[in-house]
Amino acid sequence: MIRSASVRLFRSAWVSVPSRCVSSSSPDVVVEKLTGDHEGVTVFGFNRPAAKNAISKNLLKEFMEAIEDVRHNRDVRVVVLRSLVPGIFCAGADLKERAKMKPEEVGPFVAKARSCISDIENLPMPVIVALDGAALGGGLEMALACDLRVAADTAKMGLVETKLAIIPGAGGTQRLPRIVGTAKAKELIFTAAILNGKQAAEIGLVNHVTPQNDTGDAAYHKALDLAQKILPNGPIGVKMAKTAISRGMEVDLGTGLSIEEACYAQVIPTKDRIEGLMAFREKRKPDYKGE
């Protein structure tokens, strides 16, 4: 059972928000701390139904605030990204807002979006994205920056910027080939291809694909299942593993092994490591504190 704690709505008080029942008058990004079996999971829910969660200045601002709020919070062990709007994850850039920008404003805005997506990638805890609807352009670029991607079979994904005579500008040209390979990434970007969940899983674009359910949130529930498997493990160990893998993949093997060594050194003096050894000896579940 999924229980929701109080939800922090930006520029408002703490209130309780039922899943997928957020009105259009709510903030563009709703932050929800789960309790019960999912305690330690914080959910970022995108909520711009009238604009299909398109990335606007305000959504970007609230998203950056949400990221900053959890960055150093030891109680947050997993972050899940989802949409509160049925049938859509994120339609990419808000083109109506973009059309009103002066040419000199476009570059800085795209740079800010790129920085925000990098901030998601650089969060110390695992980030899982649930794709229950379309993730196009910047929406898919956001998903590419997450550690794990889960999609419903009905979800649609694509970097479609070349249809607009531009290119992916928030990391898509760099992250997609690192995930699916250079040749496949070129094909997808050159042709502005749109894939469904099953096709995305076949090329390794998503970790898991699941049949969509009647409530349209199957990927979200699968993401919570993954999060629940992460939660019992030592949070410092998980964070250091993420660091070792992410940084190591950007360098040669020798340097990567040095990064792994440095990350391992970070877990040796922790109380959690001792707790893990004691729990193993005493044949009980460990109680990790992130210390």
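Is Cys116 buried or exposed? Cys116 counts as buried, at 0% relative accessibility. The model described here is predicted.

**Cysteines**

- The structure has zero disulfides.
- The closest cysteine sulfur to that of Cys116 belongs to Cys146 and lies 11 Å away, which is too far for a bond.
- A disulfide needs two cysteine sulfur atoms within 2.5 Å.
- Cys146 is in no disulfide either, since its nearest cysteine sulfur is that of Cys116, at 11 Å.
- Cys146 is buried, and its relative accessible area is 5%.

**An open sheet**

- Four strands form an open sheet in the order S6-S8-S10-S11, and their pairing is mixed.
- The edges are strand S6 (88-90) and strand S11 (195-196), each of which pairs on one side only.
- S6 and strand S8 (residues 134-136) run parallel and are joined by two bridges.
- Ile88 stands opposite Ala134, a residue of S8.

**Salt bridges**

- Side chains of opposite charge can pair when their charged atoms come close.
- The count of salt bridges in this model is twelve.
- One of the twelve salt bridges joins the side chains of Glu291 and Arg74, with an N to O distance of 3.6 Å.
- Glu291 lies in the segment after helix H11 (271-282), and Arg74 lies in the loop between helix H1 (57-71) and strand S5 (78-83), so this pair ties together parts that are 217 residues apart in sequence.
- Glu291 is partly exposed, at a relative accessible area of 33%.
- Another salt bridge joins the side chains of Glu121 and Arg175, at 2.7 Å from N to O.
- This pair links distant parts of the chain, 54 residues apart: Glu121 is in helix H3 (residues 103-121) and Arg175 is in helix H5 (residues 172-180).
- Glu121 counts as partly exposed, at 31% relative accessibility, whereas Arg175 is buried, with a relative accessible area of 11%.
- Glu282 forms a salt bridge with Arg284, and their closest N and O atoms are 2.6 Å apart.
- Glu282 is partly exposed, with a relative accessible area of 41%, and Arg284 also counts as partly exposed, at 34% relative accessibility.

**The largest pocket**

- The largest pocket holds about 1100 Å³ of space.
- Its lining has 34 residues, and those nearest the centre are Glu121, Asp147, Lys242, Ile245 and Ser246.
- Strand S9 (148-152), H5 and helix H9 (235-248) each give at least two residues to the lining of the largest pocket.
- H9 supplies the largest share of that lining, with ten residues.
- By class, the lining of the largest pocket has 14 nonpolar, nine polar and eleven charged residues.

**The second largest pocket**

- The second largest pocket holds about 560 Å³ of space.
- It is lined by 21 residues, and Glu39, Gly40, Asp75, Arg77 and Leu231 lie nearest its centre.
- Strand S3 (29-36) and strand S4 (41-46) are the elements that give two or more residues to the lining of the second largest pocket.
- S3 gives the most to this lining, with four residues.
- The lining of the second largest pocket divides into eight nonpolar, four polar and nine charged residues.

Notes
Residues numbered from 1 in each chain as written. Predicted model: local features only at pLDDT ≥ 70, side-chain atom pairs only at ≥ 80, totals over all residues. Heavy atoms only, no water. Buried < 20%, exposed > 50% of the residue type's maximum accessible area, 1.4 Å probe, protein only. Pairing = 2+ DSSP bridges. Salt bridge = Lys/Arg side-chain N within 4 Å of Asp/Glu carboxyl O. 1 Å grid on protein atoms, 1.4 Å probe; cavity = no way out; pocket = protein on both sides within 12 Å on 5 of 7 lines; lining within 4 Å. Points joined across faces, edges and corners; volume = space filled by probe spheres on them. Nonpolar A, V, L, I, M, F, W, Y, C, P; charged D, E, K, R; others polar.
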